[in-house]
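This report describes a ligand site, a helix and a set of paired strands. The sequence and structure come first.

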Amino acid sequence: MRGRMMEGPLLISNLIEHAGRVHGDQQIVTRTVEGPIVHSTWGEVLRRSKQLAQAMTEAGIGRGDRVATLGWNTQRHLEAYFGVSGMGAVCHTLNPRLHATQLIYIMNHAEDRVLLVDITFVPLVEAVADKLRTVERYVVMTDAAHMPDTSLPSAVSYEEFIGGHSGNYSWPTLDESAASALCYTSGTTGNPKGALYSHRSTVLHAMGVAMPDVFNLSRATSVLPIVPQFHACAWGLPYATAATGSKLVMPGPRLDHEGLTELLQDEAVHFCAGVPSVFLGLVQHWRETGNAPSSLEMVLLGGAAPPQSLIAALEGEFDIEFRHGWGMTETSPLGSVNTLLPSHRSWPVDERSAFQTKQGRPPFGIELRIVDQDGAVLPHDGHAFGELQVRGPWVVDGYFRSDAEELSPDGWFPTGDVATIDADAYVQITDRIKDLIKSGGEWISSIDVENTAMGHADIAMAAVIGVPDEKWGERPILIAVPTPDTEPTSERILEYLSHSLAKWQLPDAVIFVDALPMGATGKVQKTKLREEYAGG
Ligand code: ADP
């Protein structure tokens with residue numbers, strides 16, 4: 001028997017239409033690429049997204065066509081999310097930190113027809129434009145007054161592009177399974193692969209992450225995504241905040257500590273999300289200046305494992321609730337979040353922050369399990385470890401323009417991460433499969449050793465890799481960046497580690513470097529470290 005309820009597709013245009021109508025006066029603040037901080041509203045974003053949809057239609061862009069963006073977190077980029085997807089085209093976010101050859105590969109593979117580009121990245125695009133086979137139109141996300149001199153063919157400023165249109169536009173009623181956005185994984189191995197999101201997956205993810213035990217968003221929340229819009233759609237925050245009518249504060253190109261701190265303070269930001277490496281610097285800056293933003297209530301870190309010392313600093317020193325998220329481009333991205341149970345709250349900070357290094361529990365919609373090498377499901381006892389697999393309506397079932405079978409025979413997506421799951425359903429990632437270290441038949445968790453090392457005040461960042469060893473197969477070595485103005489020695493660091501790690505888990509060597517190689521999404525590039533150090 002069918003239920004007697006209305007049917008209607010879940011569409012991205014519903015999100016912006018809701019934000020504009022119900023939360024029309026709620027603020028959208030941007031530190032613009034041109035410099036000044038500009039205040040706007042969800043109502044304005046709705047009107048201008050419609051103008052963009054009209055301009056795209058006039059430019060001949062239709063359903064399923066790919067429109068690429070190369071930009072910072074800004075209001076115009078936000079309008080692209082809603083205008084492009086809303087009209088039925090696919091918003092393809094490009095990562096400007098990629099190597100030029102990868103950018104060319106990705107844009108040709110996606111067959112992007114239009115590129116919306118920030119002034120900052122115009123030179124980057126000019127250098128590769130003759131190799132972009134499908135781009136017909138370049139729209140520079142600025143106004144006529146700030147339009148740079150450019151060799152890009154038929155380039156137009158965004159304001160001129162949308163300017164002649166009324167904004168009097170009705171969104172089409174699309175199939176909710178239609179593609180809405182495209183995001184390539186950084187492709188640390190092989191060519192980048194495209195995760196192709198749908199309207200349905202995006203709306204469900206937005207509703208999922210807005211919930212209290214996930215991002216805890218509401219009309220009363222002021223949100224600053226440090227995570228870029230080109231990194232898994234800023235973890236869904238643009239869509240989720242449209243659903244909840246939150247205030248959205250966009251940092252634009254200024255991701256330096258002063259710039260971020262100023263914006264967090266002036267815009268009374270409550271919730272902020274980003275990768276751990278950015279926060280390591282921010283927390284240090286707050287300590288040095290004594291100027292931590294007073295409004296900040298919650299920080300969500302994900303994309304890589306945050307060290308326990310950082311968690312303890314946020315919670316213990318700055319009294320900011322810490323939440324730890326895990327996910328992948330392929331999971332939209334949110335797969336789990338560590339929100340404490342009420343009973344954990346009374347634990348001392350040390351114990352609590354150790355627990356918070358776990359990647360947490362799946363929100364409603366996501367299922368997680370671990371399997372052994374033969375695909376047999378392992379128990380959730382906090383000890384057994386195996387590959388983490390994920391299933392749910394915002395998880396990919398394959399990649400854009402690829403026929404390769406990606407799922408397990410029973411329909412789960414293998415993440416390439418190794419994890420344990422405890423009896424309370426908290427996941428702990430111990431490594432990526434390709435980063436695992438096996439020494440004398442025993443596994444060593446590089447994340448665990450890194451975390452322990454970063455507990456030492458003299459270590460700012462740490463990475464552990466396995467190097468070939470005749471006797472043991474592989475042995476770990478630690479590559480560390482000292483905290484400014486300190487001079488740690490290998491002996492002292494190893495002695496410190498020996499308090500928490502077993503003898504066979506201790507690194508064979510500690511190498512001090514000025515900086516670790518970082519990838520396009522703010523993670524340490526262990527492949528680079530292995531190339532450099534694993535030869536012995
Ligand atoms: P890539 O950087 O490969 O393009 P993603 O940004 O999608 O792709 O990264 C996903 C991977 O990042 C996960 O599979 C996992 O290895 C790692 N990761 C994400 N969040 C965490 C976390 N909280 N702790 C440890 N690793 C994480």
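## Ligand contacts

A nitrogen atom of the ligand is 2.7 Å from an N or O atom in the side chain of H324. The model is predicted: local features need pLDDT of at least 70, side-chain atom pairs count only at pLDDT 80 or more, and totals for chains, interfaces and linings use all residues. Residues are numbered from 1 along each chain as its sequence is written, and side-chain values use heavy atoms, with hydrogens and water left out.

A polar side-chain atom of R432 is 2.8 Å from a ligand oxygen, and one of T521 is 3.1 Å from a ligand oxygen. Here a polar contact is a pair of N or O atoms within 3.5 Å; within protein, one must be able to donate a hydrogen and the other to accept it, and residues adjacent in sequence count only if both atoms are side-chain atoms. The ligand alone exposes 570 Å², of which the protein buries 93% (Shrake-Rupley areas with a 1.4 Å probe; for residues, only the protein chains shown count as cover).

## The shell around the ligand

There are 17 residues around the ligand, and S186, T329, D417, R432 and K523 come nearest; a residue is near if one of its heavy atoms lies within 4 Å. Strand β14 (residues 321–327) gives the most to this shell, with four residues. Helices (H or I, at least four residues) and strands (E, at least two) are DSSP runs numbered from the N terminus.

By class, the shell has four nonpolar, 10 polar and three charged residues. Ala, Val, Leu, Ile, Met, Phe, Trp, Tyr, Cys and Pro count as nonpolar, Asp, Glu, Lys and Arg as charged, and the others, Gly among them, as polar.

## Helix α3

Because 12 of its 12 residues are buried, α3 is largely enclosed by the rest of the structure. Buried means under 20% relative accessible area, exposed over 50%, and partly exposed in between (1.4 Å probe, protein chains only). Among the buried residues of α3 are R76, H77, E79 and Y81. After α3 comes G88, with a positive phi near 110°.

Seven of the nine residues of β18 (residues 413–421) are buried. Strand β17 (residues 386–391) runs antiparallel to β18, joined by four bridges; strands pair if DSSP finds at least two bridges between them. V390 stands opposite F413 in β18.

β18 also pairs with β19 (residues 427–432) in the antiparallel sense, over five bridges. T420 has Q428 in β19 as its bridge partner. The β18–β19 hairpin has five residues between the strands, and A425 in this hairpin takes a positive phi near 75°.
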